[in-house]
Amino acid sequence: MSTILDRRITVFRSDLAASHLRGQVEAGAFAEPQPMRVVASSAPVRREPRPDAPLDTEALRGELVQVYERHEGWAWAQLAGDGYVGYLPDDALRAEASAPTHRVAALRTFLYPGPSIKLAPLAALSLGASVTVVAQTGDFAVLADGGHIFLRHLAPLDRLEPDFVAVAERFLGVPYLWGGKTSLGLDCSGLTQLALAAAGIAAPRDSDQLEALVGQPVRFDEALDGLRRGDLVFWKGHVGILTDPDTLLHANGYTMDVHREPLREARDRIRDKSFGAITSVRRL
């Protein structure tokens, strides 16, 4: 029941719940999902249906969501990818949107109204967003909705990055944003989830979920010897990625950006000032 009632991944309120939970939870009503896709560059997923509510995560363009309620400009929905539940702006979603064919492989790219870099961009899409390509004109991909993106900034959905750590390193200097998942701002687990996804590794959203479900535990001691590139280092409420045995990359609230620093210095500062001791190291 503790997993079932985790509000982050359970479509359940006292007044409404997903139909597949009938018999498992008590709710005033049960609803069938309506599949929709994110058509905005990104969409905030908030804890409550108001613009100043806490940001839990973000959904990127092209993501599939299952909507259970639409009310006063908000959609209560579950993200199909990682199962996160929250409130998204209703105008960021569309029911008839085409299934994506490509993902954004650049850190950020512009969406143009035509095949020219001299045109005023319509929007900017972040790494991991997905689009539907229907044609090519010159150096541009033509999208199903008529937009144009520089073709070399895209990759087919089945073309995976060979090194998720290299993907994470591209976010160096991006500002820290609690709940963020774009190159405008992201948090520690958002960075980790995005980098893993680019390499074809499905991962949950939050650091405690990552620690429980991703990779295998690695034994470590005070010296932190024997670690290697790609190991995930966890604290209670925080995660970082090793870029080599002695260097940690992480989005953090101390430097307020994606930062690279000596692992042992980070370990000591975090232990003394914020999240306490390292709880585990996990290896993919």
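This is a predicted model: local features need pLDDT of at least 70, side-chain atom pairs count only at pLDDT 80 or more; totals for chains, interfaces and linings use all residues.
I looked up the contacts of A75 (heavy atoms within 4.5 Å). Leaving out residues up to four places away in sequence, A75 touches V67, E69, R70, G86, Y87, L88, D90 and L93. Residues are numbered from 1 along each chain as its sequence is written, and side-chain values use heavy atoms, with hydrogens and water left out.

I checked where A75 sits: strand 7, residues 74–79. Strands here are DSSP runs of E, at least two residues, numbered from the N terminus. A75 counts as buried because its relative accessibility is 0%; the cut-off is under 20% relative accessible area with a 1.4 Å probe, protein chains only. I also got 5.1 Å between the C-alpha atoms of A75 and D90, which are 15 residues apart along the chain.

Next, the sheets. I count two strands as paired if DSSP finds at least two bridges between them. One open, antiparallel sheet has three strands in the order 13-10-17. Strand 13 (130–131) and strand 17 (154–156) each have a single partner strand, so one side of each lacks a neighbour in the sheet. Strand 10 (residues 102–104) pairs with strand 13 over two bridges, and I found R103 opposite S130.

I then looked at another three-stranded open sheet, antiparallel, in the order 14-15-16. Its edges are strand 14 (133–137) and strand 16 (148–150). Three bridges join strand 15 (residues 140–143) to strand 16; V142 has H148 as its bridge partner.

How values were computed: Helices (H or I, at least four residues) and strands (E, at least two) are DSSP runs, numbered from the N terminus. Buried means under 20% relative accessible area, exposed over 50%, partly exposed in between (1.4 Å probe, protein chains only).
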